[in-house]
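Reader: Hi! Could you walk me through this structure, please?

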Amino acid sequence: MNLTVFGATGGIGREVVRQALGAGHRVTAVVRDPARLAVSAAAGHALEVFRADLTDPEPLRTAVAGRDAVLSGLGARSRKDAGVATRLTRTVLRAMDAEGVRRLLVVSAGPVGPAPAGDGPLDRGARALVKAALKDIYADLGEMEAELARSGTDWTSVRPPRLQDKPLTGRYRTVVGGFPRRGRFIARADVAHAMLSMIDDERTVKQGVGVAY
């Protein structure tokens with residue numbers, strides 16, 4: 001497949017690029033600073049690096065035109081960046097709409113979706129504390145998901161819990177429209193793996209999908 005990856009220098013975005021290339025896909029990595037994109041030289045012509053600041057959808061049309069899917073790891077890295085996920089995703093949506101590209105997968109967060117059925121008081125309490133501490137970021141992600149729902153794309157919002165920098169396992173749980181019970185952690189590498197596996201999964205279209213160990 002021909003894929004475009006936004007946020008390609010972030011923790012999940014780098015993994016999406018690496019795993020997609022390893023699976024034989026052609027990848028366009030959209031970045032602000034190409035020097036931060038550490039990818040093996042063996043990628044060769046399968047990788048195109050596209051430099052953009054994401055303030056204007058017009059230049060991005062070239063990056064998404066004719067692609068089979070767009071994957072985004074865009075989002076705030078701290079509370080002071082709250083609002084960036086909605087703003088940048090809106091730009092991506094406009095570029096996709098202009099080019100008639102429909103499939104889009106983005107990274108959101110577990111607390112944005114419904115609480116898992118049957119969670120105990122420990123998990124409910126921890127979820128409430130996290131939502132309160134990061135309310136600005138989750139409000140941003142919630143508005144991003146609302147933008148997706150208003151768009152004409154075949155979107156999927158992937159909602160992980162606390163992220164870890166650990167190796168890929170390929171062993172995790174997913175719940176379409178919900179969240180795995182007692183799902184507390186997941187590696188960024190496995191979030192990337194889940195996103196790539198969902199590209200052709202029609203069950204995930206126009207859905208939030210909880211993913212966790």
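This is a predicted model: local features need pLDDT of at least 70, side-chain atom pairs count only at pLDDT 80 or more; totals for chains, interfaces and linings use all residues.

Reader: Great. How many helices and strands are in the chain?

Author: The chain has six helices and ten strands. These are DSSP runs numbered from the N terminus, with helices being H or I of at least four residues and strands E of at least two.

Reader: And what is the radius of gyration of the chain?

Author: The chain has 16 Å, which agrees with the value near 17 Å that a compact globule of 213 residues would have. That radius is taken over C-alpha atoms, and the globule rule is 2.2 Å times the number of residues to the power 0.38. Along the principal axes, the C-alpha atoms fill a box of roughly 50 × 35 × 35 Å.

Reader: How much of the chain counts as buried?

Author: 48% of the 213 residues do. Buried means under 20% relative accessible area, exposed over 50%, and partly exposed in between (1.4 Å probe, protein chains only).

Reader: What about contacts between residues at least 6 apart in sequence?

Author: Of those contacts, 70% join residues at least 24 apart. Contact here means heavy atoms within 4.5 Å.

Reader: Nice. Now helices: how far does α1 reach?

Author: Helix α1 covers residues 11-22 and reaches 17 Å from its first C-alpha to its last, close to the 16 Å expected at 1.5 Å a residue. The expected span is 1.5 Å times one less than the number of residues in the helix. Its buried residues include Ile-12, Val-16, Val-17 and Leu-21. Just after α1 comes Gly-24, with a positive phi of about 95°.

Reader: Which elements does α3 pack against?

Author: The buried residues of α3 pack against β1 (2-6), α2, β4 (69-72), β5 (103-107) and α5. Among those buried residues are Leu-88, Val-92, Leu-93 and Met-96. The 16 residues of α3 should span 22 Å, and its end C-alpha atoms are 23 Å apart, which agrees. Gly-100 follows α3 and has a positive phi, near 70°.

Reader: Let's stay with Val-92. Why does it count as buried?

Author: Val-92 counts as buried because its relative accessibility is 1%. This residue of α3 (residues 84-99) is in contact with Phe-6, Val-70 and Leu-74, leaving aside neighbours within four places in sequence.

Reader: Which residues is Thr-153 in contact with?

Author: Beyond its neighbours within four places in sequence, Thr-153 is in contact with Leu-93, Met-96, Val-101, Arg-102, Leu-104, Leu-148 and Lys-206. Thr-153 lies in the loop between α5 (135-150) and β6 (154-159), and at 4% relative accessibility it counts as buried.

Reader: Changing topic: where is Leu-54 found?

Author: Leu-54 is in the loop between β3 (47-51) and α2 (57-64). Although Leu-54 is not a glycine, it has a positive phi of about 65°. At 6% relative accessibility, Leu-54 counts as buried.

Reader: And what is the phi of Arg-182?

Author: Arg-182 has a positive phi of about 55°, although it is not a glycine. Arg-182 sits in the loop between β8 (173-176) and β9 (185-187).

Definitions and conventions:
Residues are numbered from 1 along each chain as its sequence is written. Side-chain values use heavy atoms; hydrogens and water are left out.
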